[in-house]
Amino acid sequence: MTSPISCVTLIYPQSIAEQALILIQALQQLIVEAKLPLSIEAVASEQKLTQKIRKQLSQQYQQPLLVIDDKQQLTLLTNGVSVSPEWNSLQRRVVSAGRKSELLLQATKLTASSRVLDATAGFGHDSLILASSGAQLTLLERNPLMVLLLKYEQQMMAKQPNWQKLMARLHIVCAESTEYMQPAPTACDLQAQTISHAFDVIYLDPMFPESSYAHSSKGAKVGKHMQALHQIAEPPSLKEEQALLSLALSFVAPGGRVVVKRPIQAPVFASQAANESWQNDVVRFDAYFTYL
Ligand SMILES: C[S@@+](CC[C@H](N)C(=O)[O-])C[C@H]1O[C@@H](n2cnc3c(N)ncnc32)[C@H](O)[C@@H]1O
């Protein structure tokens, strides 16, 4: 099924009009290559895009906007909150990531030969930690605006030599993961068969209820990203959780695992008890094992 094309307004400061034009062309190219159901309407702003002006724009448009600034940063502006993936800010964590420091790597037990499906990519932060292991990552994200942000970030980061190898291991796909993980319709569907069971680990980090973030001790940054996501993505219902988990368990390679991120106090995902859990004082990673 093809999704209807939505038009997104992209604001740029008039002072960088020439540069912005080149960036907008690059974005349009990404939209075509990734077949995103998006079109861009570019609008020049006479004013400097300060936080105050961004808040005003957000109120004026009443829908998510994209903003390009003079440092070529692409930002999602939603309900007055301005965010971008900012993968550079994760550099220290990515470089030193290991099973000692990252609960997510303890729960996923990745090696450099692992193939991972991050079925709820968001800003791709967890994907970067997962990819730090050397594993190949497929990132699924159903919101085309988020996919555009991810693809743009990947393109910009790949210009930095120390990030190139990791960027090459990330494959970003715009898809609803419950559709992507559907079993092969017929035994003869060779293409579907190659995708199914192609992943050793499937990672799920669906939205938590907004109240779970209010007292996060991880600081304002985590809060800001998730706050922005809450304007454009909904936490799943119990039925949706059950569909996601059961599809993931049948889609992962036999002997593989499905790992779900939960707020520490949250009940188990899809009302299904996990085989093993890893937790700190903020989050819990619940792992569901499959057997050979
Ligand atoms: C909590 S965020 C993930 C954050 C991510 N782990 C990170 O580190 O940035 C959840 C994201 O998953 C996406 N999502 C939720 N359900 C999905 C589904 N069924 N298929 C594809 N994407 C989904 C949402 O659009 C949202 O961007």
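**The interface between domain 1 and domain 2**

22 residues of domain 1 are in contact, that is, have heavy atoms within 4.5 Å, with 18 residues of domain 2. This is a predicted model, in which local features need pLDDT of at least 70 and side-chain atom pairs count only at pLDDT 80 or more, while totals for chains, interfaces and linings use all residues. Residues are numbered from 1 along each chain as its sequence is written, and side-chain values use heavy atoms, with hydrogens and water left out.

Me: What makes these two domains, and where do their bounds lie?
Reply: The bounds come from an automatic or database domain assignment, which gives domain 1 (6-83) and domain 2 (87-289).

Me: How do you know what area is buried between domain 1 and domain 2?
Reply: Buried area is the accessible area (1.4 Å probe) that two parts lose on being put together, summed over both; for domain 1 and domain 2 this is about 1800 Å², of which carbon and sulfur atoms give 81%. Leu30, Leu76 and Val83 supply 28% of the area that domain 1 buries against domain 2, more than any other three residues.

Me: How many salt bridges are counted between domain 1 and domain 2?
Reply: A salt bridge requires a side-chain nitrogen of Lys or Arg within 4 Å of a carboxyl oxygen of Asp or Glu, and the count between domain 1 and domain 2 is zero.

Me: Which element gives the most to the side of domain 1 that touches domain 2?
Reply: That element is α1, with five residues, where helices are DSSP runs (H or I, at least four residues) numbered from the N terminus.

How values were computed. Helix = DSSP H or I, 4+ residues; strand = E, 2+ residues; numbered from the N terminus.
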